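I opened this model to see how its parts are laid out. My notes follow in the order I looked things up.

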Amino acid sequence: MTTGTTRTTDATPAMDPLPVTDATRWWLPRAELDRLVALLRADGRTVVGPAFEDGVVVYREIGSAAELPAGVTDEQRPGRYRARVSTDDAHTFGFAASPTSWKRWTFPPSVELGVARREGDQLRFETPTREVPPVAFLGARACDLAAIAIQDRVLLGGPVADADYRARRSGTLTIGVDCATPSGTCFCTSMGTGPEVVTGHDLALTELDDGFVVRVGTTTGRDLVDRLALSSADASQVEAARAVPDRARAAITRQVDTNGLSERLIANPEHPRWAEVAERCLACTSCTMVCPTCFCTSVSQVSDLDATSATSTREWDSCFTLGFGAVAGGNFRTRRQDRYRQWLTHKFGTWVEQFGSMGCVGCGRCVTWCPVGIDIRDELAAIAGPPPAPAIGTSLPIAAAHPGEYVVATVGSVTPETPDTWTLSLHDVDAAIRAGQPGQFMMVALPGFSAAPISISRYRPDGIDLTIRAAGPATTALTRLRPGSQLGLRGPLGRGWPVELADDRDVLIVAGGLGLPPLRPLIERVLADRGRYRTVRLVIGARTPDDLVLRPDIERWQARTDLDIGVTVDRAGSDWTGPVGVVTQLFDRTAIDPVRTIAYVCGPERMMQAASRTLAGMGMLPDRIYVSMERHMECGVGLCGHCQMGRFFVCRDGPVFSRAELGDTFDLEGI
Amino acid sequence: MAGHASLPIVDVTPPLTAPPLSVGVVKLASCDGCQLALLGLGPLLLDLGTHFRIIEFGEASSDRSDGPYDLLLVEGSVSTDEQAHHLRSLRERSGLLVTIGACATSGGIQALRGWARDAVAPSVYPEPTWVDALPTVTPVADHVRVDAELRGCPIDGGQLVELLTALRVGRRPQLPDEAVCAACKRVGTVCVVVAHGEPCLGPLTRTGCGAICPAWGRGCYACFGPREDANVAGLAAGLAGRGLDDATLARRLSLFTAWSAPFRAAIDARGGPPGFPTTSADATHASGPRATDVPTPGA
């Protein structure tokens with residue numbers, strides 16, 4: 001007997017590598033459905049399918065076809081689900097979407113990412129080997145197969161693939177079922193995902209009264225048909241099967257107008273309906289958790305009592321929690337309406353530019369399982385008004401992330417910058433990290449602490465510098481490291497400053513507070529090859545003289561004659577002889593040539609907004625103004641969802657963006 | 001999960017390591033259940049003993065100590081003036097003070113007394129005038145600075161271990177503050193509101209219990225208290241849409257964490273705990289009880 005699990009060895013099996021086009025229809029008598037289950041199990045697969053438990057159809061491991069929910073039908077509407085066993089209808093798949101989705105197996109709610117160990121002075125970061133038993137999904141609807149395809153694009157299709165998801169998907173076999181019984185919350189026909197299984201299946205079944213008409217989608221599915229020795233379906237069976245999805249299609253009456261929907265939705269960030277729906281919304285996270293495509297996660301640390309090892313675990317999270325967009329010292333989405341807008345505009349708007357389709361398959365789970373019955377079909381209709389839709393930004397940038405795994409580096413020296421900020425000079429740094437670009441950042445880890453995103457503040461031949469403000473426990477612990485201490489590094493990550501665009505131009509570099517360290521590699525790159533550029537201007541601001549960081553460098557730059565430099569502070573005592581005021585006051589209107597200049601701006605968001613406005617007012621084009629955004633970052637590679645800002649993952653698509661790319665989102669509250 | 005950081009704990013850096021931390025466990029007005037949860041850690045409690053010196057734990061040992069304590073775990077709420085005084089003295093003898101349980105963090109079930117003391121006391125005590133208690137029962141944080149709090153009735157042993165290990169490492173404990181709903185979904189518990197029409201306070205309530213009640217088909221009754229963004233009005237409107245009246249919500253809220261600010265406001269707005277006798281002093285409850293299907297306490 002062959003195993004039929006050839007896909008388990010394939011590294012990139014987003015879909016079966018060997019899809020087949022086969023018009024043959026086979027016949028599986030109802031009584032023989034269990035032979036299929038038994039065959040899958042004999043091949044060593046865990047069979048997951050629907051079962052009727054406590055009045056609800058859930059997906060769980062199935063031992064035999066007898067456990068399937070024969071005769072169960074359901075009724076769903078916003079905020080309400082009821083299922084019952086019908087006496088006059090013994091269909092196995094006579095219900096609509098389950099509160100469970102298949103992502104529970106492909107993208108489980110909790111995954112161990114690794115263990116960080118401390119042995120004396122040595123650190124070790126261990127990644128688990130991912131051995132996942134192959135799973136067969138029995139009874140996946142077309143909408144659910146579309147959801148799996150979407151998660152494939154998100155988690156496998158980007159510049160960085162998720163290792164755990166890849167391992168799980170490589171062992172997945174899918175047996176789809178044409179939907180015959182949509183519920184009141186279904187709208188797959190609007191999203192173009194159902195009710196008929198068209199793609200993403202190894203086998204597809206259409207349920208009739210006495211059995212199933214079977215279609216083959218892949219060589220794996222054909223192998224199953226061969227081994228079951230199925231006979232061909234007869235003409236009447238084929239005809240009856242064809243009518244099933246047609247009836248389902250007709251039963252779905254509520255539609256979503258997807259024509260231009262993304263643009264129409266994004267064009268209405270200030271619509272009053274956002275605040276109205278936020279009064280009803282409990283921000284309970286249910287919609288995102290039951291959604292088969294939502295993929296946001298957070299990592300937590302569990303330390304042992306010895307404090308010698310810590311296990312990192314990734315769990316499902318949600319953009320609806322208050323802390324999801326929080327960073328040390330602030331939160332970008334404090335209002336519930338900000339978070340509702342983030343979710344809906346991501347699903348139906350920015351997802352398109354990120355991943356090539358909307359993030360919704362019309363399964364209706366978020367509508368049914370909202371405890372207060374908020375219906376996104378109503379919200380979309382109310383908020384996404386008619387065109388016109390202004391284009392925001394330009395094309396999505398090319399991501400340049402190199403995730404790797406944590407590598408260990410050693411602290412060479414620790415230099416105080418301000419009372420709460422230090423610069424760590426690291427030695428024994430991996431060559432790939434030293435080859436990073438100005439403006440890129442590292443995820444920096446200590447056992448037991450959340451990893452912190454830190455911009456590289458200097459590239460040296462033998463290492464890098466990180467300038468870190470003690471803003472929370474993790475960064476505090478980092479700033480307390482001593483020479484010889486080890487730490488974990490992952491990166492360099494993100495897209496840095498586009499230095500190459502400055503060739504033969506005037507260069508304006510604007511730094512506010514801790515915005516200077518991420519700019520220093522850029523400044524040093526420019527000064528190292530000074531002849532390539534025309535005028536170079538450097539404007540540095542800080543709250544007070546004591547808050548100025550990298551002072552030895554500032555003094556060195558002030559001593560140069562091939563560089564204009566101005567340093568200003570918001571407040572100062574009598575010992576400060578320089579200018580007092582905001583950085584924009586140092587923009588010399590007569591000296592800055594708006595056509596010839598390229599500007600690189602880094603600092604607090606309000607300062608970057610003000611600087612961009614002033615420069616735009618002087619005639620600079622938005623694609624010549626670059627800023628570096630701060631957001632909550634966890635994975636660093638665009639997979640955990642925390643750092644989203646409109647259509648961007650700041651960690652992967654940024655942190656450096658042109659003002660043109662950011663478009664209107666730059667000045668929007670709660671984005 | 002995302003809300004890990006919202007705990008009001010001071011940053012404990014550098015880590016509290018050797019010599020072993022001295023730990024005290026004390027109680028005010030409470031049932032001792034949270035102390036039992038600590039004892040219920042079993043073998044892990046023995047491991048704790050190698051890293052922490054438990055010098056005061058009346059529920060476990062007759063060896064007592066007045067401190068000072070590096071870490072003091074306080075169970076119970078403040079019901080008498082004597083307790084308030086004792087608590088202030090404990091604070092002075094403690095490095096970190098962490099409240100454990102619904103009583104210490106929200107007032108507990110006994111805080112319901114704040115709505116109807118004068119009316120209830122005679123039904124419990126033959127000589128109510130002999131009772132020397134404060135007019136309201138209040139959480140510890142109303143009296144002294146609290147560095148961190150563990151919610152729940154009782155607390156979750158795992159959260160206590162997380163607190164202690166976090167102190168050892170020198171980081172903030174990761175105590176989730178989002179809704180119970182997130183925990184239900186992660187463990188695979190089907191929503192009891194949507195599937196069965198059960199009133200459930202999960203959307204208002206901080207997770208951390210492991211979503212126990214919904215797993216047994218019951219609605220959450222908020223023993224962990226309000227979450228980071230508790231939309232009480234939103235839930236009330238949602239329940240009303242299911243034919244559940246305001247009194248149902250007020251009754252469910254009138255339990256272990258009723259005295260927490262958002263829940264207390266919601267209960268007050270609905271005329272106080274349903275079925276409670278009102279007292280003349282309670283001007284806010286002038287509208288009287290809204291429901292008659294709850295037995296009067298002590299009746």
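**Domains of chain A.** I am working with a predicted model. I looked up the division of chain A and found domain 1 (9–109 + 116–251), domain 2 (261–383), domain 3 (407–493) and domain 4 (499–667). Domain 1 is written as two stretches, 9–109 and 116–251.

**Domain 2 against domain 3.** I took the C-alpha centres of domain 2 and domain 3 of chain A next; they lie 32 Å apart. Eight residues of domain 2 of chain A and seven residues of domain 3 of chain A form the contact. Which strands supply the domain 2 side of chain A, the side that touches domain 3 of chain A? I noted β13 (297–303) and β14 (309–316) of chain A, each with at least two residues there. The largest share comes from β13(A), with three residues. I also sorted this side of domain 2 of chain A by class: four residues are nonpolar, four are polar and none is charged.

**A helix pair.** I then turned to helix α9 (residues 272–280) and helix α13 (residues 376–383) of chain A. Their axes are 9 Å apart, and they pack at an angle of about 155°. Angles over 145 degrees count as roughly antiparallel, so that is how I logged α9(A) and α13(A). Their crossing is right-handed. On the α9(A) side I listed A:R273, A:W274 and A:V277; these meet A:E379, A:A382 and A:I383 of α13(A). By class, this helix contact has four nonpolar and two charged residues, and no polar ones.

**The barrel.** I traced a closed barrel of six strands in chain A. The order runs β17-β18-β21-β20-β19-β22, and the pairing is antiparallel. On average, neighbouring strands in this sheet are turned by 45° against each other, direction ignored. I followed one pair in detail. Strand β17 (residues 407–418) and strand β18 (residues 421–427) of chain A run antiparallel and are joined by seven bridges. Within this part of the chain, A:P416 stands opposite A:W422 in β18(A). Which helix packs on this sheet? I found helix α16 (residues 516–528) of chain A, which touches β20 (452–460) and β21 (463–469) of chain A. The direction of α16 makes about 30° with that of β20(A).

**The open sheet.** I looked up a second sheet in chain A, an open one of eight strands. Its order is β3-β2-β8-β9-β10-β11-β1-β12, with mixed pairing. What stands at its edges? I noted β3 (56–61) and β12 (231–232) of chain A; each has a single partner strand, so one side of each is left without a neighbour in the sheet. For β12(A), I checked the pairing with strand β1 (residues 26–29) of chain A: it is antiparallel, over two bridges. There A:W27 stands opposite A:S231 of β12(A). Helix α6 (residues 219–228) of chain A lies across β1, β9 (172–177), β10 (203–208) and β11 (211–216) of chain A. This helix runs at about 135° to β11(A).

**Chain B against chain A.** Last, I looked at the contact between the chains. Chain B gives 43 residues and chain A gives 52. How is the side of chain B that touches chain A made up by class? I recorded 18 nonpolar, 15 polar and 10 charged residues.

Notes. Residues are numbered from 1 along each chain as its sequence is written. Chains are lettered from A and ligands numbered from 1 in the order in which they are written. This is a predicted model: local features need pLDDT of at least 70, side-chain atom pairs count only at pLDDT 80 or more; totals for chains, interfaces and linings use all residues. Domain bounds come from an automatic or database domain assignment. Two residues are in contact if their C-beta atoms, placed from the backbone, lie within 7 Å. Helices (H or I, at least four residues) and strands (E, at least two) are DSSP runs, numbered from the N terminus. Ala, Val, Leu, Ile, Met, Phe, Trp, Tyr, Cys and Pro count as nonpolar, Asp, Glu, Lys and Arg as charged, and the others, Gly among them, as polar. Axes are lines fitted to C-alpha atoms, for helices over the stretch in contact, and angles run from 0 to 180 degrees between N-to-C directions. Angles under 35 degrees count as roughly parallel, over 145 as roughly antiparallel, 65 to 115 as roughly perpendicular and the rest as oblique. A crossing is left-handed if the near helix is turned anticlockwise from the far one by less than a right angle, and right-handed if clockwise. Two strands pair if DSSP finds at least two bridges between them.
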